Amino acid sequence: MGYNFKETMNKPERFAPGHRMCAGCGATITARNVLRGLHEGDKAVISCATGCLNVSSFMYPYVAWEDSYIHSAFENASSTMSGVEGAYKALKKKGKLKEDYKFITFGGDGGTYDIGIQSLSGAMERGTNMTYVCYDNGAYMNTGTQRSSATPMYADTTTTPVGPKCKGKAQYRKDLAAILAAHDIPYVAQTTLLQGFKDMHVKAEKAIYTDGPAFLNVMSPCPTGWKYKADEIMEICKLGVETNYWPLFEVIDGKWILNYEPKKRLPIEEFLRTQGRFKHLFKPENEHLIEEFQKEVDRRWDDLLFKCSR
């Protein structure tokens, strides 16, 4: 699978303009660029768990998706697509369907890390030939920025509000990519919105054309929940990678592969400072919390390096 930037960017859009997502939203950028992983002319079925991306891209009878599209509930996007893929295989076997299709499911972290993890795990364990894409914006943004298990430590959310008795979310974020890799599926990858989008384009194509289940975890910032200006999104994603908060890696048939290692790793405060949800950490009485955050980032980075060295 050779990569050609110009050809990739000149593919017809499969996620149309005219949706109602916020300016500076990572979810829509993720959707557009993941779908560029599809080969031109190939057909796809898209399902989407309830969340920002679904409610803002679909308002009956209008939809922003150019491919066949299914709105699923929060908890069952993966099982919905499992049923579609199973029906497709049955129809192909009976000779009632000649065309080839790819199956792609999108879900936010609430519908993936939390409410939908049971159906996602089941679909992966059964070997459903589908690609699941988590647009991870680190909270339940669609319903008002409540914490999820993807929310980073010390983030200010409406259910972990910063005040005299609370310094934000007490727990660090769940490592969902590692959990999916433990299912022994053919392909798992982590990526985000970086200049040129090559990392995302290449991984999306690999995932979509993997024979069997594949999972992509994409850090997709949210301007309202993270509290940043719309035009700062790409810099935030870059800092997420350069501080090792959001490493870029793949797990191919059980083999962990590190895709990028910063030449000069930046301290985590460079990432935290860009977002209003962490502004309380920079008060003198809370600076020790940044040290705790850094220790956890370092621990997880060392663990990733160990996995990739085997």
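**The chain as a whole**

Welcome to this structure, which is a predicted model. The secondary structure of the protein chain comprises 12 helices and 10 strands. Its radius of gyration is 19 Å, close to the 19 Å that the globule rule gives for 310 residues, so the chain is as compact as a globular protein of that length. Along the principal axes, the C-alpha atoms of the protein chain fill a box of roughly 70 × 45 × 40 Å.

An unreviewed UniProt entry places the feature "domain: Thiamine pyrophosphate enzyme TPP-binding" at residues 51-218.

**Two pairs of helices**

Two packed helices are described by the angle between their axes and the distance between the axes. Here are two pairs to look for in the model.

| Helix pair | Angle | Axis distance |
|---|---|---|
| α2 (residues 26-35) and α8 (residues 198-208) | about 60° | 8 Å |
| α4 (residues 77-93) and α6 (residues 117-126) | roughly 35° | within 7 Å |

Let us begin with α2 and α8. With an angle of about 60° between them, α2 and α8 are therefore oblique to each other. The crossing of α2 and α8 is right-handed. On the α2 side, Thr30, Asn33 and Val34 make the contact, while α8 brings Met200, His201, Ala204 and Ile208. Sorted by class, the contact of α2 with α8 holds 4 nonpolar and 3 polar residues, with no charged ones.

Now turn to α4 and α6, whose axes cross at roughly 35°. Here Ala77, Ser78, Ser79 and Ser82 of α4 meet Ser119, Leu120, Ala123 and Arg126 of α6. The contact of α4 with α6 divides into 3 nonpolar, 4 polar and 1 charged residue.

**Two backbone details**

Most residues other than glycine have a negative phi, and most peptide bonds are trans. Two places in this chain are worth a look with that in mind.

At the step from Tyr60 to Pro61, the peptide bond is cis, with omega near 5°. You can find Pro61 in the loop between β2 (58-59) and β3 (62-63).

Tyr154 has a positive phi, near 70°, although this residue is not glycine. Look for Tyr154 in the loop between β6 (131-136) and α7 (176-181).

Definitions and conventions:
Residues are numbered from 1 along each chain as its sequence is written. This is a predicted model: local features need pLDDT of at least 70, side-chain atom pairs count only at pLDDT 80 or more; totals for chains, interfaces and linings use all residues. Side-chain values use heavy atoms; hydrogens and water are left out. UniProt positions are given in the numbering used here, feature names are shortened, and annotations may be inferred rather than shown by experiment. Axes are lines fitted to C-alpha atoms, for helices over the stretch in contact, and angles run from 0 to 180 degrees between N-to-C directions. Helices (H or I, at least four residues) and strands (E, at least two) are DSSP runs, numbered from the N terminus. Angles under 35 degrees count as roughly parallel, over 145 as roughly antiparallel, 65 to 115 as roughly perpendicular and the rest as oblique. A crossing is left-handed if the near helix is turned anticlockwise from the far one by less than a right angle, and right-handed if clockwise. Contact means heavy atoms within 4.5 Å. Ala, Val, Leu, Ile, Met, Phe, Trp, Tyr, Cys and Pro count as nonpolar, Asp, Glu, Lys and Arg as charged, and the others, Gly among them, as polar. The radius of gyration is taken over C-alpha atoms; the globule rule is 2.2 Å times the number of residues to the power 0.38.
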